Amino acid sequence: MEPALAWIVLGLPLLGAATLAAWPSEPPRSMTRVLGVGPMVVSFLLTAWLYVQMLGENSDDRLVVSRVWEWIEIGDLSIDVALQVDPLSVMMMLVVTGVGSLIFIYSTEYMEHDRDYRRFFAEMGFFVFSMLLLVLAANFLFLIVGWALVGLASYLLIGFYYEKPPAVAAAKKAFIINVIGDLAMVIAAFILVVELGTLNYLLVFEAAPDGLGRGAVEAVTILLFVGAAAKSAQVPLHTWLPDAMEGPTPVSALIHAATMVTAGVYLIVRTHELYELAPYASDLVAITGAVTLFLAATIATVQVDVKRVLAWSTISQIGYMIMAAGLGAYGAAMYHLMTHAFFKALLFLSIGMVIHGLAGAQSLDRMGGLGRHLKFAYVATAIGVLAISGVPGTAGFFSKDEILASAWDAGDLGRVLWLVGALAAGITAFYMFRLLFRTFSGPEPEGGYGVHPQPSRWPMAAPVAVLAVLSLWGGWIQVPRGWTWIIDWLEPVIGRESIPGQQAELVTLATSIAVVAIGAAAAWWIFAVDPARPKRLAGRLVATRRLLEDQFRFDHVYDRAVVGPTRDLAEYLYRRMESGFVDGLVRGAISLARGSAMGLRAAQNGLVRTYVFVMISGVVGLGALLAWVVTR
Amino acid sequence: MPMVTAIILLPLAAALALAIPDTSRMQARIIALLAAGLSFAMVVSLTVRLDRDAAGLQFVDQHSWVSDAALQWAVGVDGISIWLLLLTSGIVLLGLIATAWRPPEREVGFLAAMLAGEAGLLGLFAAADLVVFYIFWEAMLVPFFFLIGMWGSEGRVFATTKFIIYTMVGSLPMLVAILATAFIAQDTTGQLTFTISELRGVSFTETQSTWLFAGFALAFAIKVPVWPFHGWLPDAYRAAPLVVTAVLAAVMSKAGVYGLIRIGVPTFPDGAENFAIILSVLALVGIIYGSLVAWRAPTMRMLVGYSSLAHLGFIVLGIMAFDIQAGQGAVLQMVNHGLVVAAAFLIIGLINRGTAGDHIDRIGGIAAGAPRLAVVFLFVSMAALAIPGSNAFVGEFFILTGVFRHHVWIAVLATIGVVLAAVYMLRLYQTAMNGPAFGANSRAIELRPVDYVVLSPLVGAMLVIALWPASIVGSTRAPVAQAVAPAQIAAERPADQIERPVVPNPPPEALPLPGDEPPIDEVPAPAVGEEASP
């Protein structure tokens, strides 16, 4: 195995981005395409090669730490610039560069009409670099660096249309919530440095069982989870992700669905040695995941903006992964992370074809009946909907059921969470089929479409086709009672994971098929059978709908309880303390000085003997003071 | 060749040369740039030749002047001060280049004052003697007084008055403290000296130590400034020409923190220990207060100025933690803050080229017309808010790690300042750069070749530190460990955290108790042995 490959994979996207950024003027579009997509695809191919090489190794030899230089030695803490290449990081690299390549190819066409073509690819390349750094880092410090840099890339791309105030505001919100998460992780790192004297993964995991007290390990894991929750949009730090949909759709697909937002799951799996020592933190993680997946699913049912429906579904699906990770089913969490990357990227890209075809319209109210015009997008979206709903045989079916079955086996708490997860699976089917029906079937919207829907060309269609195949068949790499490729692959990192029992499998299978059927049927009955029915039903459940449309008023509470008071305090400090108190004090002192100067003018009588007298008495006074200080 | 002396005197000589009447503007520019450039080059050569593992001063240049009064010229550098010399000479050189392109009125005088100010700062950072330190501390004020008073904008008279009064309030007690230190030390060691390294290890009583530390600390706290001694800062930063503001914020603010780690903490460990919590809490208040006020500040300069108050709070926290990691982080952060804040003020200067005023809310959307500037500004903003991966993050991370080791809650509360930094820096960046374009002629703002000359060294230095912080941190370990060791002992820290032994002055076997009759050199050395032998 050649760890240098990992450095090349990491460096190429950055090189492409830097070249684009340094280009003296807007380069020709073909050049931008080459510099944008080229490094991405090469990175993917090299990652695939690395994967093949790793397959040839014994499972004990699949972990390599590649160090290039000592970054810092401070006090007795030493930190290297180093990458950890192991099955977990290679799996993440495959997802990031693989799905990333497809989305980059798609973007060449999607962003064709945009003025800032070069900036788009430069920022996307920077994102991929940061994400790879995040998954490849061999210590907590560079994990945090990658963590923050993906946040920066996400900030830049959410605010890509920087002349639009909502985009700018959304970018800022995402950035600040992520800074809060970063800081929690930084504090966790403080604890590790102080208690263990190292930030190196392997050394920390080795020393943790003896070196960290019970309280310290719970604190570290909870703080790391705060970082994970901020990045992965878990309640209560989730409010930035729906707003992040202000970014271009390929950005939403890559960063806010397939890769960056799942970093929290990666983090928990990466540090599972610590979570295994921290039962309370693990329960907190699982419960947070369950709460999130349920709340987000309910909110998704009433969203009108297509991208926001998908955003809430992303939050909900990550909730499943986080729940699994909290319950110790790390393999299941990573499995769902991978299949989710396929079907969620597929959904965003196929819905992106619709948005592109309608020249930017995103509201469900401006859609309907599009299946007649955009057949390819219709089929692709339908496949994505089947996969995310967990219709048997699709990718989401296998991975989601594995999470639920693991929950069933995980004690009393697990049973409760199983119930929540199963219920939400039905809601998921409901809102996804709602999205499908309201977009593609039924009559055209009143007033018609803004523009005539345009089908997409091959650079957009081809990646969507690949993702559709993966969403349909990608789940077959791990089949209950059949084979367990994901768990086998990850074994060197997460250890031998127990497989859910037969009872759990069967109960989950039956339940999930039933709830998905009910959810899909309900959506069909409300939105597809009779076009007038949604209007007739609008009068029911007004208060509930209102609450869901307000997204349980998290934003409102934060504004009232945190942002508002802080701003008032700052305003008060600036207006009163700075201009009033501190400044007033000084002005007072100055006028006092002026006044005494007037008095002292009398002393300035021009007589040398007065001056000499004053000088001598001053020296004597000073000397007396010194003598007093010295002798006491 | 006495390099350190030459580094200090070269700008001073150039400043005097410019004072010759009838110097033409072109001559003045050449002289100024040559002197500053040569001085910078010499600092670079010292940096390369420095022994990075040594704790004491190197390249020491010591000449006795009035030996009876122990007056001398003594300068030198170590792994801490070398970076401040590099920062000072580099920033002033860049400032002079920027000035040459946009010359102010009475340019010759301006250049002379800048050079004199540089000499003052260099001398301060290189001083190995308390009197030399004090002279440069005071002398530095004169050129800055004129720079603000003569080339400043509206409110400059008030600003200079305030600046001078504040500084004098601090420096007079410091003068008293310097004299008292020397005299008290003479009583214990029998030798009058102002040499800083010789005063270390002198055992002052706790009361003496406390009062002497207080005398120094007040001057340092005003200079930094530490909240609530920052009253002079907004006015001075507002009134001074932008290049001068950049030098004030980037370099002069380091005089105070440098004094703390060079003189205050190592010489008066008991006093420093008594004030540790007070100063740390004040620094913490400054971090949060400065960040909040920066968020609401109406102009770009004020915003960056108040952010300085917050950032310097981190440095003070790091020094007062008496922790090697935190101390090394603090020294690194002195350099980082200098680079970042200088770049920020220079960028504000560029923005002012195309705007009517400095008000944040009256401009917007500059990025569309000035994309290159937007990239550089974003880079600097990210460094200012210390995003992980930036140079400033390295400094803040290790400062807070060290603080966390001893005062968990101070470190945790200080992180609030980091969140607020993101809030105010994004306010600055986004309102100026993003949104619909108005209020600014962005074509006039876009980077020009000369702007690259001035900004790229700063950006390049930030990148180098981010990728390889060991370059700076590696040389600070021994001097920082030596500087904090006495205070660590005073604070009763575990032995494994203390790296350097404290050498008492005078050595214990030669120590006559205060009030002992025989002067030190008459104590018969064998007497100790005689007592021990029977």
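Guide: Let us take one residue, L96(B), which belongs to helix 3 of chain B, the helix formed by residues 81-101. Please bear in mind that the model is a predicted one. L96(B) has a relative accessible area of 1%. Because a residue under 20% counts as buried, L96(B) is classed as buried.

The neighbours of L96(B) come next. Beyond those within four places in sequence, L96(B) is in contact with A32(B), L33(B) and A36(B), and also with L111(B), M114(B) and L115(B). A further residue, V243(B), stands 147 residues away from L96(B) in sequence, yet the C-alpha atoms of the two are 8.4 Å apart in space.

Chain B also contains a pair of strands, strand 1 (residues 58-66) and strand 2 (residues 71-77), which run antiparallel and are joined by 6 bridges. Within this pairing, H63(B) is placed opposite W73(B) of strand 2. The two strands make up a hairpin, with 4 residues between them. In the turn of that hairpin, A70(B) adopts a positive phi of about 60°.

Technical notes. Residues are numbered from 1 along each chain as its sequence is written. Chains are lettered from A and ligands numbered from 1 in the order in which they are written. This is a predicted model: local features need pLDDT of at least 70, side-chain atom pairs count only at pLDDT 80 or more; totals for chains, interfaces and linings use all residues. Side-chain values use heavy atoms; hydrogens and water are left out. Buried means under 20% relative accessible area, exposed over 50%, partly exposed in between (1.4 Å probe, protein chains only). Contact means heavy atoms within 4.5 Å. Two strands pair if DSSP finds at least two bridges between them.
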